[in-house]
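Here is a short briefing to read alongside the structure. Please keep the viewer open, and we will go through the topics one at a time.

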Amino acid sequence: MRVVLLKAAATALTVAAAAAAIVHVNGNLKTAGAPLHPSVLGGSVVAVGGDGKLHLTPSVRSGAASAVTSTYAS
Amino acid sequence: MTLDEVRFESLGSTCHVLGVGLERGRLAWATAWVVERHDRFSRFEPDSELSRLNATAGSWVDVSTELEGLLRAALRAHGSSGGLVHAGVLGSMLAIGYTRPLRLGPTAATLAAAAPPPPLPDMLEVAGGRARLRSGTGIDLGGIAKGWLADRLAGELGDNCLVNLGGDLFAHGRGPDGEGWPVALGTETVLLSEQGAATSGIHKRAWNDGGQALHHLIDPRTGRPARTDLGQVSVVAATAADAEVHAKTALLLGSALAPAHLAAHALGWWLGAPP
């Protein structure tokens, strides 16, 4: 009888902890619509012009300043 | 602090070196640094280190620390590009008529002699200050040296500088306004700091031989000038050498596969269509 009571108590505690975790997570979403994988991996198209498309990851910023030099095929 | 810069011709290209707060004489030093490397690593200079290595294919020869570094970089580029960036296409270069600096004009092509090279590790061995090329093969460092040298010169020149060697560049420091070095990439300007960029294309160093359009970008899978549906690819990566490797790889892969390769390896990229 004592063993059964212990098992029942442990099960109840587990279920209660899981329920509390679900409530906590759903109540603390920073961005409910955020994708599981950020777009970092694929980059994003930031400009389409001329004859091509520019993709940048967040580690490269575009700027409004005049370019001091350029990369080109040589 | 002032922004100083110098432009000069070397490595078969226009070079552009910029710096903020550089000590007096540093730009002249940088110019001499590049010119000296051109003389040592050009296949067109008969007395260069590279020419000596090519001329003694089949035998072990002593190489400088820098040439050893370049050769090891070529081997890494071959590995990271799945064999597409291949410094051992000298035979194909000669076969298409790229036998001398193109300002002197190409020579007649003999395309029947253009064949896929063996994998670079089967051609080139590098070990502790020595290197050996397989007999009958040769190396051209034109596709790897500019980025590799830009990375190194930027590290030695100063705390806030940009080294652009023929379009392969490395931006060191925070740039003239402290927000990064503004660099044209495609139609946009990007701000680079501790990052490299490079462009690979098939429209420069291109010519016509008896009605056949030729260019210098050899596809090692065929041993002939690459056929691709991309006109040019510009890449931002952690170093200029990496950017150069991934730009060339993407160009050779073509528009169907290039985005996946660049998404895995690049920080930014521009895919340009043929004109």
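A residue counts as buried if 20 or more other C-beta atoms lie within 10 Å of its own, with the C-beta atoms placed from the backbone. By that cut-off B:W148 is buried, because it has 28 C-beta neighbours inside 10 Å. Please bear in mind that this is a predicted model.

**Around B:W148**

- B:W148 belongs to helix 6 of chain B, which covers residues 145–157.
- Setting aside residues up to four places away in sequence, B:W148 touches B:L70, B:A73 and B:A241.
- B:W148 and B:D168 are 20 residues apart along the chain, and 8.8 Å separates their C-alpha atoms.

**Nonpolar cores**

- In general, nonpolar side chains of soluble globular proteins tend to be buried together.
- Here the largest nonpolar core has 81 residues, and those with the most contacts inside it are B:L70, B:I144, B:V163, B:A197, B:V235 and B:V236.
- The element that gives the most to this core is helix 7 of chain B (residues 240–253), with nine residues.
- Which residues does B:L70 contact, leaving aside its neighbours within four places in sequence? They are B:F41, B:L141, B:I144, B:A145 and B:W148.

**Helix 7 of chain B**

- Is helix 7 of chain B mostly covered or mostly uncovered? It is mostly covered, with 14 of its 14 residues buried.
- From its first C-alpha to its last, helix 7 of chain B reaches 20 Å over 14 residues, close to the 20 Å expected at 1.5 Å a residue.

**Chain A**

- Chain A has one helix and four strands, and from the N terminus on these elements run α-β-β-β-β.
- Of its 74 residues, 15% count as buried.

**Where the chains meet**

- The contact takes 28 residues from chain A and 42 residues from chain B.
- On the side of chain A that touches chain B, at least two residues come from each of strand 1 (44–49), strand 2 (52–56), strand 3 (61–62) and strand 4 (69–70) of chain A.
- Strand 2 of chain A gives the most to that side, with five residues.
- The residues on that side of chain A divide into ten nonpolar, 15 polar and three charged.

**Strand pairing across the chains**

- As a general point, strands of a sheet pair through backbone hydrogen bonds, either parallel or antiparallel.
- Strand 2 of chain A pairs with strand 16 of chain B (residues 268–272) in the antiparallel sense, over five bridges. In this pairing, B:W269 of strand 16 is the bridge partner of A:H55.
- An open sheet is formed by four strands in the order 3(A)-9(B)-8(B)-4(A), with mixed pairing.
- Strand 3 and strand 4 of chain A stand at the edges of that sheet with a single partner strand each, so one side of each is left without a neighbour in the sheet.
- Strand 4 of chain A pairs with strand 8 of chain B (residues 181–185) in the parallel sense, over two bridges. Here A:T69 stands opposite B:V183 of strand 8.

Notes:
Residues are numbered from 1 along each chain as its sequence is written. Chains are lettered from A and ligands numbered from 1 in the order in which they are written. This is a predicted model: local features need pLDDT of at least 70, side-chain atom pairs count only at pLDDT 80 or more; totals for chains, interfaces and linings use all residues. Two residues are in contact if their C-beta atoms, placed from the backbone, lie within 7 Å. Ala, Val, Leu, Ile, Met, Phe, Trp, Tyr, Cys and Pro count as nonpolar, Asp, Glu, Lys and Arg as charged, and the others, Gly among them, as polar. Two strands pair if DSSP finds at least two bridges between them. A nonpolar core is a set of buried Ala, Val, Leu, Ile, Met, Phe, Trp, Tyr and Cys residues joined through C-beta atoms within 7 Å. A residue is buried if 20 or more other C-beta atoms lie within 10 Å of its own, exposed if 12 or fewer, and partly exposed in between; C-beta atoms are placed from the backbone. The expected span of a helix is 1.5 Å times one less than its number of residues.
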